Structures are given as C-alpha cells and as structure tokens.
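Visitor: Hi! Could you walk me through this one?
Guide: Happy to. Here it is.

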Amino acid sequence: MDYILILISAVFVNNIVLAQFLGICPFFGVSNKVSTSVGMSGAVLFVMTIATLATYLLHQYVLVPAGLDYLRTITFILVIASLVQMVEIMLKKVSPPLYQALGVFLPLITTNCAVLGVAILALGLENVSLLKAVFFAISHSAGFALALIIFASLREHLELADLPKGMKGVPINLLVAGLLSLAFLGFTGLV
Amino acid sequence: MAETIDQKQNFLKGIVKDNPVFVMLLGMCPTLGVTSSAFNGLGMAVATMFVLLMSNIVVSLIKKQIPSKVRIPAFIIIIASFVTIVEMVLEAFIPFLYEQLGIFIPLIVVNCLILGRAEAFASKNNLWSSILDALGMGVGFIIALTALGAAREILGSGSIFDFKFVGEDANTFILFILPPGAFIALAYLTYIFNRLTTKTAK
C-alpha cells in the first residue's frame, strides 16, 4: 500500500516538475520535440535510480556512522557527477544502441537538479529503506517523463500558433507549463 | 587578460541585457520554487549571490592551477563547499528561512547560473572583473526573484513582505501562491520585461 501511495503521489500529486519545480532546465531545454523528450526521460530514469541507490548507501553506511551528515551536499554531487561519467563510459562499451539513444543527454543530467533533489528527498521518507528509496526515485522519474512528454507534445503544436509580439518563445512556454501545472493541481487530495 | 573590458558595462549586463532569469533562463528551479513570497525570493537570491560571488572569486584566483580536463568537477567542489557554508549559516542563524527554502538550499549547487558564470566568465577573466560580473548577475537575480515573489505575494496572499494590506477575510488569487501561479506569473513578467527591453533598444 505504501508503495502505491508513493507512486501516485510522485507521478500525479507532487509531480517533480510541475509541483516541486525540480528539473526545470531540461523541462524547457529538451522539450521542443517529442522524440528527444522520450530520450531524455529514459536517461533520467536510468541515472536517477542508480544515483539514489548510490547516495542512499553512502548516506546510510558512511556519512551517518561517521557523523559527517553535513557533508551530504558535497558528497552527493560528486557521486552523481562521477556516476554519470561512469554510466556514459559503460554504456558506450556494453550497449552501443542504448548509448546512441541516451548518450547526448547524459552530460546534461549532472546539472539536472531533479537527480540531486530526489536523492536528498528520498532520505526524508518515513521508515526509509533501500527498496523504498529506489522505488521513490523510479516513481519520480516516471512523473518527470509524463510531464516532459506531455509538454513536448503541446509545444509541437505551439510552433504553428499565431502569438502576440514578445509572447513568443519563453513567455508562452511558461504560460503553457502553468496551465499544465494547473491541470495537475486537480489531483490534489488523491493521496 | 583583456583589461579593456568596460567595468561599468560588465556590472550592468547582469541586470538588464543578460539578466539571468528573464533573458538567459538560468537557475529556473529556485526561481519558480521558492518565490511564493517576496521575502523567500529575496533570501534565496541573496544566498545564491553569496555563493556566486565566492565561487567566482576562487575560480578566477586559481584558474591557472586547474587542469582544463577536470575543471568542471573542480568548479562543482568549490561551489558545493560554499553551499555547505550557506546551509550551515542559515540553519544556525535564520532557521525560519532555512525551513521555508528547504530542499532548494542544497540545490544551489546545481544552479546552472553559478556553474555557468564560473565556466563562461571567471575562468577566463581576472579577479576584479569576476567580482563585478558576480555582483551584476547577483543583483539581476535578486531583482528578478524579489519581483516575482512580490507579484505572487501581492496577488496570492494580499500582502507584501508579510505586511497585509487587505482584510482578513478578503478573497485573494490563491492560485498565485500555488505551483501553477509560479509559471503564470513568471510568464507575464518575462513578457513585460521583453516588451520594455525591445522598446528601449529601438
């Protein structure tokens, strides 16, 4: 039951992009085409899950026993940055087709605050366990994928719209994201 | 390095021409995430400006010692150290703000504005130019976040810097302090900013 609640809460109610404002940069940056947004979502799912797994273990078995909790930010960002590099190198070797699909997005992910954000948020869960933390990360990346792909499909249509001067580009994208976020607000109270 | 950079322009570019929020769209997560009131926006922007200033100073001082292959990880460590300092200082002295900003304080590390300035400016310019660049960008960020926070607070809770100017039972646009309001308010602020800057450019 706990796990179903985490999933619904992460995907719909507290959507990581539209309600918690994490990962806004890729949300606006790579959402101009549906195909790139699918690639980005895959890369985020991959990195976020591994990163949360690694940071959870690091926090639980190294930082807390050693009383170094305050080094959380520094160590987490280092782990994530090196992990992204490692994943990139391994994918290149092990699975070239997957690397072809995700490769260009991987370096961008280091500065995706959603990855660091979820890694930190996962530590604050009730009765947190390794499985729960990883499930939390997977749910949040599903939420990210949903928001990103919907937004990319909307933006493909915006290209054709006739807009007032000055509204083109950034302002209209923000406005559309606002309306999308408003739609997701309707899920409040579901959990 | 190029001593001939016009220092006044160097400072001012961060406020109008290359405003980090309205023009360059850097640091969007905290911009949208914490601006439910003017005070939160200001607090976040000042914390970010401090980290930006310190990282620009350190990066420009040791830019010759950093091998170019590992410069990004090196910058990230420098930034993360200052973020940890900010985190501890806020927790100790302004616990109220620390609670309000929450997750967004450690996330200053991944604010692309700071890494962006370290990479694009401080690693190529001297100390004095880097300080001015950080101050200009910081002030631009403060203006943007405070304006957005103020707009959302006025519309959403009928107050400004926690000073309430409508009656207790007055209806306000609650929407604006909820997440969608952040996107919508920033959309119109960017629109207004665009119109104003294109007009002055003519």
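Visitor: Is B:F50 buried, exposed or partly exposed, and why?
Guide: B:F50 is partly exposed because 18 other C-beta atoms lie within 10 Å. Buried means 20 or more other C-beta atoms within 10 Å of a residue's own, exposed means 12 or fewer, and partly exposed is in between, with C-beta atoms placed from the backbone. This is a predicted model, in which local features need pLDDT of at least 70, side-chain atom pairs count only at pLDDT 80 or more, and totals for chains, interfaces and linings use all residues. Residues are numbered from 1 along each chain as its sequence is written, and chains are lettered from A in the order in which they are written.

Visitor: Where is the place of B:F50 in chain B?
Guide: In helix α3, residues 38-62. Helices are DSSP runs of H or I, at least four residues, numbered from the N terminus.

Visitor: And how many residues of chain A are in contact with chain B?
Guide: 29, and they meet 34 residues of chain B. Contact means C-beta atoms, placed from the backbone, within 7 Å.

Visitor: Which helix of chain A gives the most to that side?
Guide: α9(A), with nine residues.

Visitor: How do the residues on that side divide?
Guide: Into 23 nonpolar, six polar and no charged. Nonpolar covers Ala, Val, Leu, Ile, Met, Phe, Trp, Tyr, Cys and Pro, charged covers Asp, Glu, Lys and Arg, and the others, Gly among them, are polar.

Visitor: New topic: what is phi of A:F21 near?
Guide: Near 60°, a positive value in a residue other than glycine. Most residues other than glycine have a negative phi. A:F21 is buried, because 28 other C-beta atoms lie within 10 Å.

Conventions: Two residues are in contact if their C-beta atoms, placed from the backbone, lie within 7 Å. Helices (H or I, at least four residues) and strands (E, at least two) are DSSP runs, numbered from the N terminus.
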